[in-house]
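Hi,

Here is the structure I said I would pass on.

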Amino acid sequence: MNSGNDKNNNPKTPKLTQEEFGLPPNLFQNPNVRNIESPKGKYDNEPGRVTQRETSTSNTRTPLTVNIPTFETINSLPTPMAYTPLSPNVLSSMSPTLQMQQQPFQQLNVRKRRNNNSININNGGIPNFKAFPNEIRNSRELNQVKNFPSSNRIVSELIPPPSLSPQRIVSLPTVTEEENVANAKKDKQSKFEEKEEEIVEESEFNSEDSILSGFLLDDMTQVKQWKKVKLIGTGNFSFVTLYESLDDFDKYYHQVAVKKIKYADNLMNTNDDTLSRLESSLTRELSVLKTLKHPCVVKLYGINDPIFIEKERPLTNLLQNGHKTLPSCEFIMSYCNGGDLLKELTECQGNLPHWLVQRLYCELVLAVKYLHENHIIHRDLKLENVFLKYTLDEIIGMKDTPIYEEQNMIELGDFGLCKRIEPGELCTARCGSEDYVSPEILMGVPYDGHLTDTWALGVVLYALLEDRLPFDPLPNANQRQRNRPVAYRIATFDWRWCKTIKEVDLETAKHIVKNTLTRKNQRWTIQQMYKSPYIQEVVSSLKF
Ligand SMILES: Nc1ncnc2c1ncn2[C@@H]1O[C@H](COP(=O)(O)OP(=O)(O)OP(=O)(O)O)[C@@H](O)[C@H]1O
């Protein structure tokens, strides 16, 4: 879940300060900041819209000024998307003031797939810019890349995650693991953290009432009830739990995935605009989800409290009316029994049969094509957000039955960063997940969200084919190459085939990757991807 920022929706505002970007005052006061110009944002108060830093090409008259510290002079991570993955223990040992100061940087607590060799941790997480080739070392673009966090994952300028959140521990096999003592120590630490996460998840599961009352979108007058079954996933912004219906109604809604939004402990007490941004995020995700209707896209069936659907500012309204606590927000959604694609790919160690890769990927392309045709960009396409409706074994078992052609196998989820856009509109909010983010987002230039989505689709297909992420260090990389940040490899389009290098059979699939992990002016649109033989071969057999 991520959110637009409503606080600064004043079209007259000439400047976005660093504070408005969520940077701490010490950076704001840094005398070494320089100004770069960015086109004026398109302001729009409609609910469900990210408006704050999004830019429309048609509205570029008054430049906004964004302060960005120069790379050479800063000694802390310079962008609001950066975070420091502090463990809860480290955090709780700090004074409350220090904890507060840490908050802007604790944007994520995602377990890193690769080890820290991939970033230069000796200079505060700032990429080793000497590693960049001479011709781009001093360019403006490089400054943007340098200012990009080299920490585990970026999320968004739109909203900070509520707190140090427990995470699913899923990973693609990494090529940077080394069998040494350091890693053994890390393993031990990570087992400890895994345990901690399990405990947090378990207590979250047990602490809550086991009965959920809610409303279906098509009838907001009738209360329905579901019984909690098990926790199925946690994201940075939510806990997702399986519930089963207690009512004897449509079997369609019998099993549902309930996404409960996490609220930060101090959400109501902070003076910043976190609450407002969270609220915008919620209403934006809900307003988009309720309009979507495609077999390969997750479905929003209902909500625990109609206020989230009916009001533009549900949380603020309640607080203004004297409420002392915030109502929980639970999305009632279609349940995908097979887990997410990253988890499944990891569990089968990347050995998915090619026919299955092709099928699942084709459905993903259909889902994104549907979104783009409806002027919605997703902005967080990745393996973790592709949910399987059935387990892999079940799907493989269906292969030669009619169901295989009649049923969709995936649903695309997590619309926390999505955005409705006008034709030709460009975005400026830097958001996404580090491994899937396109060079233009890294560079901080206004970008076409359709093309950043197709870039991410290129990363997904590469990962499915190669069982590794394209911008991780190559298996035979030397230490110097490993030290280069992922951002460097993305900005220089530095990826190549390893496992499938000679696989002629996969040429049509590789053709998609080649045409998506490329410069934006050459990059395929979703329509071009759809028309490719790799996708058409499957589409022609589908009956849904
Ligand atoms: N409809 C669903 N069916 C089955 N599992 C689901 C469903 N929705 C979510 N999950 C599981 O819960 C996890 C978290 O969900 P989701 O990505 O929507 O949450 P989030 O807090 O927005 O996450 P993120 O940190 O990626 O922004 C998913 O990766 C998936 O494993």
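Aromatic pairs first: this predicted model holds seven of them. One is Trp455 with Phe471, a stacked pair with 5.6 Å from centre to centre and 5 degrees between the planes. Trp455 belongs to helix α15, while Phe471 sits in the loop between α15 and α16 (479–483), so this pair ties together parts that are 16 residues apart in sequence. Trp455 counts as buried because its relative accessibility is 0%, and Phe471, at 2%, counts as buried too.

Another pair is Tyr462 with Trp495, and this one is edge-to-face, at 5.9 Å centre to centre with 80 degrees between the planes. It links distant parts of the chain: Tyr462 is in helix α15, whereas Trp495 is in the loop between α17 (486–491) and α18 (507–516), 33 residues apart. Tyr462 and Trp495 are both buried. There is also an aromatic cluster, made up of Trp455, Phe471 and Phe493.

Since α15 keeps coming up, here is a bit on the helix itself. What length should its 18 residues span? Helix α15 covers residues 449–466, and at 1.5 Å a residue it should span 26 Å; the C-alpha atoms at its ends are 26 Å apart, which agrees. Of those 18 residues, 17 are buried, so α15 is largely enclosed by the rest of the structure. Just after the helix comes Asp467, with a positive phi of about 60 degrees.

Lys369 lies over the face of Tyr530, 4.2 Å from the ring centre. Lys399 does likewise over the face of Trp355, at 5.0 Å from the ring centre.

Now the cysteines. How many disulfides does a search of the whole structure find? The search comes back with zero. Take Cys336: the closest cysteine sulfur to its own is in Cys296, 10 Å away, which is too far for a bond. With 11% relative accessibility, Cys336 counts as buried.

On to the nonpolar cores. The largest has 97 residues, and the members that touch the most others in it are Phe331, Tyr361 and Phe415. Which helix gives the most to this core? That is α11 (residues 354–373), with 12 residues. Leaving out residues up to four places away in sequence, Tyr361 touches Leu457, Gly458, Val460, Leu461, Leu464, Ile512, Met529, Tyr534 and Ile535.

Finally, the overall numbers. The secondary structure comes to 20 helices and 13 strands. The protein has 544 residues, and 58% of them are buried. Of the contacts with a separation of 6 or more, 75% are between residues 24 or more positions apart.

Cheers

Methods
Residues are numbered from 1 along each chain as its sequence is written. This is a predicted model: local features need pLDDT of at least 70, side-chain atom pairs count only at pLDDT 80 or more; totals for chains, interfaces and linings use all residues. Side-chain values use heavy atoms; hydrogens and water are left out. Helices (H or I, at least four residues) and strands (E, at least two) are DSSP runs, numbered from the N terminus. The expected span of a helix is 1.5 Å times one less than its number of residues. Buried means under 20% relative accessible area, exposed over 50%, partly exposed in between (1.4 Å probe, protein chains only). Rings of Phe, Tyr and Trp (its six-membered ring) pair if their centres lie within 6.5 Å; planes under 30 degrees apart count as stacked, over 60 as edge-to-face and the rest as tilted. A charge sits over a ring if NZ of Lys or CZ of Arg is within 6 Å of the ring centre and within 35 degrees of the ring normal. A disulfide is a pair of cysteine sulfur atoms within 2.5 Å. A nonpolar core is a set of buried Ala, Val, Leu, Ile, Met, Phe, Trp, Tyr and Cys residues joined through side-chain atoms within 4.5 Å. Contact means heavy atoms within 4.5 Å.
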